[in-house]
There are 2 protein chains.
Amino acid sequence: MSASSSKTIGRAVLRPREQVEERIKAAILSGELKSGEMLPPETELARQFNVSRTTLREALRVLTSQRLISKVPGARGGNFVQSVDHESLGAVVIETVGNLLALGSIRFDEVADVRRHLEVPSVRLAARNRTDRDLEELGSIVAHQRRASIDDPDIPDLDRRFHSGIARASGNRVLASFVSALHHATEPVHYLDLSPEVGRETVKQHVRILRAITDQDPDEGEAAIVEHLVYLQKHLAAVV
Amino acid sequence: MSASSSKTIGRAVLRPREQVEERIKAAILSGELKSGEMLPPETELARQFNVSRTTLREALRVLTSQRLISKVPGARGGNFVQSVDHESLGAVVIETVGNLLALGSIRFDEVADVRRHLEVPSVRLAARNRTDRDLEELGSIVAHQRRASIDDPDIPDLDRRFHSGIARASGNRVLASFVSALHHATEPVHYLDLSPEVGRETVKQHVRILRAITDQDPDEGEAAIVEHLVYLQKHLAAVV
DNA sequence: GCACGTTAAATGTTCGACATCTAATGGCCA
DNA sequence: TGGCCATTAGATGTCGAACATTTAACGTGC
C-alpha cells in the first residue's frame with residue numbers, strides 16, 4: 001500500500017445503550033429472536049447485559065419507536081418482537097412525509113407526483129397479477145362508491161382503499177406500501193371540491209380501471225389510470 | 001343523529017412520556033422550535049413538564065431515533081432540533097427496507113422493480129429540469145467512471161451517485177430520496193459479475209443517458225435508461 | 001505561543017424505590 | 001352453579017438523587 005493510505009483499525013467506541021440496542025436488533029434480524037416471541041423481563045435482560053434497567057429501557061424504547069418490538073404493560077405483559085411486515089414501510093413513509101410536509105421541507109406536489117408515477121406500473125402489474133380475491137375486494141369497494149352520497153365521510157377512505165387495493169394486487173409489496181403511504185399523505189386535500197358531478201365521473205373512471213384489470217389488459221389499464229389521474233389533478237388545481 | 005350513532009368524547013389517556021413527546025414534536029413541527037435551536041437542559045425541561053429526568057429522556061430518545069432532535073454530550077452540548085430535510089426520508093427508507101429484507105418480509109426483486117419503475121420518470125424529469133450545475137456534477141461522475149478500473153472499490157458508489165444525481169436533477173425531492181434509497185438498498189449484489197466488458201458497456205449507456213439529459217430530450221432519455229436497466233437486469237439474473 | 005491540566009456544564013448511567021397496569025386467581029353471593 | 005368482583009402477582013412506567021463521562025473553554029506554565 002502507498003504511504004499516503006493507511007489502514008483503519010479503530011472504531012468509534014459504543015456507549016452501553018448503543019451496544020444493547022445493536023445486540024437486540026441483530027438478534028431480531030437474524031431470526032435468533034422470532035416474531036411474536038417475548039423477551040426476558042427488563043430486570044433479567046439488564047442483568048444479562050450488565051447494565052442498569054434505565055439504560056436497557058432506553059435501548060428498548062428506541063427499538064420500539066423503530067417498530068422492532070412492542071411493549072405491553074401489566075401482568076403477562078413484556079417486550080415482544082414485532083412481526084415487521086411490509087406495512088411498516090408504509091407507516092414509516094407516512095410518518096416521515098408528514099413531518100417533512102409540516103416543516104415545509106418538501107412540497108405537496110412532489111409527493112403527489114411520485115404517487116402518480118407509481119400508480120401507472122401499479123395498474124399495469126395488477127392487470128397481470130390480480131387474483132380473483134383481489135377482484136372481489138376491488139369490486140366491493142367500487143360498489144360502495146356507487147352507493148355513497150356526496151357527503152359520505154367514508155369517501156376518502158374508499159378512494160384510498162381502491163388505489164391501495166390495486167397496488168396490493170400488483171403483487172409487489174414495496175410498491176403497495178409506497179402507493180398506499182403516498183396516497184394517505186396526500187389525502188387531506190383530495191376532496192375539497194367534491195361535487196356530485198366529480199363524484200359520478202370518478203366512479204365511472206374507477207369502473208373503467210377495474211374492468212381493465214379484470215380483463216388483464218395492461219395497456220387499457222394504463223390509459224384508464226392516466227385519464228383518472230389527469231382528471232383528478234385538473235379538479236384539484238382549481239382548488240389549490 | 002340516529003340512535004345507533006354516538007358521539008365520541010373520550011380519548012385514550014396519555015402516559016407522561018407520550019405527552020412530553022407529543023408536545024415537543026408539535027413544537028418542532030409548528031416551527032415554535034426552529035431548526036438548529038437548542039432545547040433547554042434536560043433538568044430544566046423536566047422541571048417545566050413536571051416529570052422526572054428519566055421520563056423526559058425517554059421522550060427525547062424517541063424523538064432522537066425519529067431524527068427530530070440530536071443529542072450532543074459534553075460542555076456546550078445539549079438537545080438540538082434537527083433540520084429535517086428530504087434526505088431523512090431516504091435514510092428512513094433505507095433503514096426500513098434493509099430490515100424487511102433481512103427478515104424476509106419482502107423480496108429483493110420487489111425493491112429493485114420499484115426502483116426501476118421510478119428511474120424512468122426520474123430521467124424524463126431530469127431532461128426537462130436539469131440545471132447546468134446538475135450537468136457539471138453528472139459529467140464529473142461519468143468522467144470518473146471512464147477512468148475507473150474494474151477493481152476500483154469506488155465503482156458501486158459512483159453508480160449510486162450517478163443515478164441519485166439524475167433523480168436530484170429531476171427537481172422532485174421525494175423522487176430523489178426514493179431512487180437513492182432503493183438504489184442503496186439493492187446495491188450489495190449489484191456488482192457481483194463486473195467484467196471489463198460489462199464495465200465498458202455500462203459507462204457507454206451512462207454516457208447516452210447523460211447526453212439525452214443534456215439535450216433535454218425526455219424520449220431519448222427514457223429509451224436510454226430502459227436499455228440500461230434491461231441490460232443490468234440481464235447481467236444480474238445470471239448471477240442471482 | 002503552544003501544550004496541557006483544570007474546570008464547568010451538559011448528557012450518560014446507576015441504583016433503589018414506588019406507581020400503574022392488567023391477566024389470572026379465588027372467593028362471595030344470588 | 002354461575003357470574004361478579006376484590007385480590008394478587010408480575011410486568012412495565014415513573015421517580016429522585018447520585019455519580020460517570022464527555023467536551024469546550026479557560027488558564028497556567030514553560
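1. For the residue classes used below, Ala, Val, Leu, Ile, Met, Phe, Trp, Tyr, Cys and Pro count as nonpolar, Asp, Glu, Lys and Arg as charged, and the others, Gly among them, as polar. On this basis the surface near DNA strand C comprises 10 charged, eight polar and eight nonpolar residues. The model is predicted, and the points that follow should be read accordingly.

2. There are 26 residues around DNA strand C, and the nearest of them belong to both chains: A:Thr55 and A:Gly74 on one side, with B:Arg53, B:Arg57 and B:Asn79 on the other. Of the atoms of DNA strand C that come within 4 Å of the protein, 66% belong to sugar and phosphate.

3. Two side chains of chain B approach phosphate oxygens of DNA strand C: a polar atom of B:Lys71 lies at 3.0 Å, and one of B:Asn79 at 2.8 Å.

4. Which elements give two or more residues to the surface near DNA strand C? In chain A they are helix H1 (16-29) and helix H3 (53-65). In chain B they are helix H3 (53-65), strand E1 (69-72) and strand E2 (78-81).

5. Turning to the protein–protein interface, 46 residues of chain A are in contact with 46 residues of chain B. The two chains bury about 4,000 Å² between them, and carbon and sulfur atoms carry 62% of this area. On the side of chain A, the residues that lose the most area to chain B are A:Glu58, A:Arg61 and A:Arg173, which together account for 14% of what that side buries.

6. Eight salt bridges are counted between chain A and chain B. One of the residues named above, A:Arg173, forms a salt bridge with B:Glu110, with 2.8 Å between the closest N and O atoms.

7. The side of chain A that touches chain B draws at least two residues from each of H1, H3, helix H4 (87-103), helix H5 (108-129) and helix H8 (173-185). The largest share, 11 residues, comes from H4(A). By class, this side of chain A has 23 nonpolar, 11 polar and 12 charged residues.

Methods
Residues are numbered from 1 along each chain as its sequence is written. Chains are lettered from A and ligands numbered from 1 in the order in which they are written. This is a predicted model: local features need pLDDT of at least 70, side-chain atom pairs count only at pLDDT 80 or more; totals for chains, interfaces and linings use all residues. Side-chain values use heavy atoms; hydrogens and water are left out. A residue is near a molecule or strand if one of its heavy atoms lies within 4 Å of it. A polar contact is a pair of N or O atoms within 3.5 Å; within protein, one must be able to donate a hydrogen and the other to accept it, and residues adjacent in sequence count only if both atoms are side-chain atoms. Helices (H or I, at least four residues) and strands (E, at least two) are DSSP runs, numbered from the N terminus. Contact means heavy atoms within 4.5 Å. Buried area is the accessible area (1.4 Å probe) that two parts lose on being put together, summed over both. A salt bridge is a side-chain nitrogen of Lys or Arg within 4 Å of a carboxyl oxygen of Asp or Glu.
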